[in-house]
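Please open the model in a viewer and keep the selection panel at hand. The stops below proceed from one selection to the next.

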Amino acid sequence: MKPLSLLIEILIILGVTVKNIEAEKYNKGQKQRNITTQVPMNEIKPFLSHKLERKKLSKITSRREYILEKKKNQHKIRIKGIQNKDLLKKNKNQIRNQAKDNITDEGDELFKMGIKILQQSKSQKQKAEAYILFAKAADMGNLKAMEKMADALLFGNFGMQNITAAIQLYESLAKEGSYKAQNALGFLSSYGIGMEYDQAKALIYYTFGSAGGSMMSQMILGYRYLSGINVLQNCEVALNHYKKVADYIADKLEKNEGIPVEKVRLTERPENLSSNSEILDWDIYQYYKLLAERGDVQIQVSLGQLHLIGRKGLDQDYYKALYYFLKAAKAGSANAMAFIGKMYLEGNAAAPQNNATAFKYFAMAASKGNAIGLHGLGLLYFYGKGVPVNYAEALKYFQKAAEKGWPNAQFQLGFMYYSGSGVWKDYKLAFKYFYLASQSGQPLAIYYLAEMYATGTGVLRSCRTAVELYKGVCELGHWAETFLTAYFAYKDGDIDSSLVQYALLAEMGYEVAQSNSAFILESKKAKILEKEKMYPMALLLWNRAAIQDGGDVKIDESWR
């Protein structure tokens, strides 16, 4: 029922109720006045004297009753009046809240539409359309949309950088309890970008951000306590912060075997920057496509891999990945067969999840002795995907793939011995396989090594080693995608946008981002910081990057 019609209906009911009460009162009075009594003539005198006496008493009683009735009715009317006012007030609030809910619902829908467009977008135009929807949703009070718009204004998405406006939005969001806003205000206070340089205030913002659930604030605090930046150095506190983020990342990694992170160093010679090995140049990509169409199997597999996970600046495109893998598989490539199996095992838009098809392609690759195919069959038996769970078969295939040096298989063996899945628990063997896999950068292997060092499981407990390992896992978070947008902003000459993005990553403890931020500040091309602050800040960041020394972690190799 619509709020307006509901209000009218309540008012009608209230009106009828009041009229009924008044009618009842009138009828009662009439009834009392119409009462007559017949008395014989010979009894008139005594009756009259008696009646007169009774009349006096009746008048007194009636007057008392009348006064009481009047008071009673006045009380009833007063109560009804209050109730009517309360109902009217309640209905006004209901109407107001309903209108507010309608706006909120519309804002939510616009925000969801924007997110969907952003996820599926392959062009800047489409992304811009998503932000138009965010702007509309934000105008309706949608907090998530406001966060998106504040980020766009801070980082300069689509050339609309306005740090003053971003700060105003963040401050408004922070009052609503937004942990993202708390983190952003902490970052801006830490650098003195658009705000007063205040490390104490930054620490407070980061603390509130981490308490609210900001993974970025957790990382920043972890790095600060690890390095003793404006706080007393405390490895255990750093461990606590980094572990929370690493647990979150590990959960994501279990659904996706790797998160690509391209970290371009701006300190490379300018003439080599455009052909950086971390980013695939567009002309080179076109050349590779030409070679792939002409039948170069190796290039077909390489392009398939790049599109499968979105590497070297290319968009993730499952259809293109499957296209190149199928071409290579048709030419007999075992790697291509194995990757097709992987696509069907995990499921995506181009290759819907199908265990039977995954088994078919893994088996084809494994028959050629392919490590990825052997590992794939191991996964099917380990998790019981399309086949009964069989740990013995899984162990056999993992061992064969591990012997060929496939890091994911080495990790799976480590996990089997760590958890006692189908084998006796053996922490020494678990550590061995986790270590071997970690040398190839297998992120889950690094995570479990950190777990072992943090708890002293199978190894001598080492807080410092655990923190360094957790830090490596944390740096695989989705926020690392900012490296790519920061690099392209720098290439396009948008120095301020690039600096803000690199500076945030530097605050989170990324050594490459610290170097890149220092490099930009040293050039004095940025406009968002006062020039006299640039050299001191650059020196500080160079120093932090140098202390990290590439982030190498020393791990005990006594198991060898």
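Rings of Phe, Tyr and Trp (its six-membered ring) form an aromatic pair if their centres lie within 6.5 Å; planes under 30 degrees apart count as stacked, over 60 as edge-to-face and the rest as tilted. The model is predicted, with local features requiring pLDDT of at least 70 and side-chain atom pairs counted only at pLDDT 80 or more, while totals for chains, interfaces and linings use all residues. Residues are numbered from 1 along each chain as its sequence is written, and side-chain values use heavy atoms, with hydrogens and water left out.

**Aromatic rings.** Select Phe-382, Tyr-383, Tyr-391, Phe-398, Phe-411, Phe-415, Tyr-418, Tyr-427, Phe-434, Tyr-447, Tyr-448 and Tyr-470: together they form one aromatic cluster. The structure holds 27 aromatic pairs. For Phe-111 and Phe-134, the ring centres are 5.5 Å apart and the planes stand at 40 degrees, so this pair is tilted. Phe-111 lies in helix α2 (residues 44-120) and Phe-134 in helix α3 (residues 124-139), 23 residues apart; helices are DSSP runs (H or I, at least four residues), numbered from the N terminus. Both Phe-111 and Phe-134 are buried, where buried means under 20% relative accessible area, exposed over 50% and partly exposed in between (1.4 Å probe, protein chains only).

**Nonpolar core.** Next, display the largest nonpolar core, which has 145 residues; Phe-434 and Tyr-470 are among those with the most contacts inside it, as is Leu-154. Such a core is a set of buried Ala, Val, Leu, Ile, Met, Phe, Trp, Tyr and Cys residues joined through side-chain atoms within 4.5 Å. Its largest share, ten residues, comes from helix α20 (residues 443-455). A second, separate core of seven residues includes Tyr-285 and Leu-303.

**Disulfide.** Which residues does the disulfide join? Select Cys-235 and Cys-463, whose sulfur atoms are 2.1 Å apart; the term denotes a pair of cysteine sulfur atoms within 2.5 Å. The torsion about their S-S bond is about -110 degrees, so the disulfide is left-handed. Cys-235 is partly exposed at 24% relative accessible area, whereas Cys-463 is buried at 11%.

**Arg-224.** Finally, move to helix α8 (residues 215-227), where Arg-224 is found. Arg-224 is buried, with a relative accessible area of 2%. Its side chain makes a polar contact of 2.8 Å with that of Gln-199; this term denotes a pair of N or O atoms within 3.5 Å, where, within protein, one must be able to donate a hydrogen and the other to accept it, and residues adjacent in sequence count only if both atoms are side-chain atoms.

How values were computed
Helices (H or I, at least four residues) and strands (E, at least two) are DSSP runs, numbered from the N terminus.
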